[in-house]
Amino acid sequence: MRTKPWIQHWEPENAEFWESTGKRVARRNLWFSIFAEHVGFSIWTLWSVMVLFMGPEYGFSAADKFLLVSTPTVVGGLMRLPYTFAVARFGGRNWTVISAALLVVPTTLAAIVMEPGTSLGTFLLVAALGGVGGGNFASSMTNINTFYPERLKGWALGLNAGGGNLGVAAIQLVGLLVIGTAGAMAPRLVLFIYLPLIVLAALLAYLYMDNLASVRGDTKAMREVVKDKHTWVMSFLYIGTFGSFIGYSFAFGLVLQNQFGRTPLQAAAVTFLGPLIGSLIRPVGGTLADRIGGAKVTLWTFGGMAVAAVGAILASNAKSLGLFTIAFIVLFVLSGIGNGSTYKMIPAIFRAKAQSAIETGASETAELLRARRLSGALIGLAGAIGAIGGLFINLAFRASFAGTGGGVPAFVAFGVFYLICAGVTWAVYLRREGVRSPSPALAGAGV
């Protein structure tokens, strides 16, 4: 894989370089990165579809199924940390090939074990292996972050993440088509559709993507970034945005089945809508953040999510499937917008610190490169911690349904958490005293 030359010179902030060379190369890498990440998301969320095929003959309770969909969530979150390092160790293009090819393993194993009589432990093991698809997001975002100039990062990262997130809706649509045509006894058809797509993603990355020498061997950025308080603030906020998106993506179908008695086909017919709209809206969140500031967009997003959680509670108590579905989809939409805005905030924070250092006499080239390194590391770390939020979502639903037979207690907890996230966003990035302490430049950085 090292037969293709690495790009030695890369200056995306240089307008002349960007227009003559950078834009074309960056866009090519972006499109193929999106496709590979898209397939990775589909395999990561595979079990949100497989559980719809698990009828009474499988012998699993609702709590068992929530545990099953929780497993790849937490593994995918943990895998994001080494996947972030992998870009610096192997190169963005090389690691995209490797990570895409790895998806063959959990997909093939799922095809082998997917039948009644298989133990819950076996299913949990295979689902855990599917977590490697969640790691693809961190390496993809870290890689694309290094290709784009600051003024376009919100758009590029939002598009990359949104295209990847669409993998959730895509596999749920495939599941709907299989259930609607071949029936609930043919889950392997979903897997046979995805195996050639995995091979195609790896092949296209090998042929058309590039490695950047400027990030090669940079394994110290993570050690630097964990010392910055903004790392932990942004990771906490990302639990509320992406953690909600991925957690609801896994849980939506199960909630519909268990709270409103939907059949697998009825649940599948609705399940894909939330992830689809939430993914499509994510670049909008990045674009809005580019224009009016990531912190403002994030603040209003969390406020809206708290209101939507109240709507879900009211719909649950009224047993209104229509209102509940609307409230749930609104949660997806707002989490998608928040995903885009929080990821815009990360490079903006380090760019602002770099500008502050440059004004005091530091080297512009060195400081801007350091900003790209640290923002890439934080994107990977925040992505890992944020994905763990998906585990909390499903564990909260599991406890709620086990204790009360419904999801109301879980939505109460979610609403309170979103209000806390809104308060943290305001206190750290919008309140005057909050922005002065870490860096005066943050006040006008578009954070």
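This is a predicted model: local features need pLDDT of at least 70, side-chain atom pairs count only at pLDDT 80 or more; totals for chains, interfaces and linings use all residues.

Student: How should I read the buried side of a helix?

Tutor: An α-helix has 3.6 residues a turn, so residues three or four places apart point the same way. In helix α6, which spans residues 120-129, the buried residues are F123, V126, A127 and A128. These buried residues pack against α2, α3 and α5.

Student: Where does T118 lie, and is T118 buried or exposed?

Tutor: T118 lies in the loop between α5 and α6. T118 counts as buried because its relative accessibility is 15%, and the cut-off for buried is under 20%. The side chain of T118 reaches the backbone oxygen of V113 at 2.8 Å. A polar atom of that T118 side chain also lies 3.1 Å from the backbone oxygen of E115. Beyond its neighbours within four places in sequence, T118 is in contact with F60, V113 and F123.

Student: What does A377 touch?

Tutor: A377 is in helix α16, residues 364-404, and is buried at 6% relative accessibility. Residues up to four places away in sequence being left out, A377 touches T84, A221, M222 and V225. A377 and A221 are 156 residues apart in sequence, yet their C-alpha atoms are 6.0 Å apart in space.

Student: How many salt bridges are there, and which parts does the pair of R351 and E13 tie together?

Tutor: The count comes to 6 salt bridges. In one of them, the side chains of R351 and E13 meet at 3.8 Å, N to O. R351 lies in helix α15 and E13 in the segment before α1, so this pair ties together parts that are 338 residues apart in sequence.

Student: Which other pairs may I examine?

Tutor: R370 and E224 meet in a salt bridge at 3.3 Å, N to O. This pair links helix α16, which holds R370, with helix α10, which holds E224, across 146 residues. R370 is partly exposed at 36% relative accessible area, and E224 is partly exposed at 30%. Another salt bridge joins D228 and K353, with the closest N and O atoms 2.4 Å apart. Here D228 is in the loop between α10 and α11, and K353 is in helix α15, 125 residues apart. D228 counts as buried at 15% relative accessibility, whereas K353 counts as partly exposed at 23%.

Student: Which residues form a nonpolar patch on the surface?

Tutor: L200, L203, Y206, L207 and Y208 form one, with about 440 Å² of accessible area together. Among them, L203 is in helix α9, residues 188-208, and is partly exposed at 44% relative accessible area.

Student: Finally, how should I read the phi of K319?

Tutor: Most residues other than glycine have a negative phi. K319 has a phi near 55°, a positive value in a residue other than glycine. K319 lies in the loop between α14 and α15 and is exposed, with a relative accessible area of 70%.

Terms used:
Residues are numbered from 1 along each chain as its sequence is written. Side-chain values use heavy atoms; hydrogens and water are left out. Buried means under 20% relative accessible area, exposed over 50%, partly exposed in between (1.4 Å probe, protein chains only). Helices (H or I, at least four residues) and strands (E, at least two) are DSSP runs, numbered from the N terminus. Contact means heavy atoms within 4.5 Å. Patches are made of residues with over 30% relative accessible area and no salt bridge: like charges are joined within 9 Å, nonpolar side chains (Val, Leu, Ile, Met, Phe, Trp, Tyr) within 5 Å. Accessible areas come from the Shrake-Rupley method with a 1.4 Å probe; for residues, only the protein chains shown count as cover. A salt bridge is a side-chain nitrogen of Lys or Arg within 4 Å of a carboxyl oxygen of Asp or Glu. A polar contact is a pair of N or O atoms within 3.5 Å; within protein, one must be able to donate a hydrogen and the other to accept it, and residues adjacent in sequence count only if both atoms are side-chain atoms.
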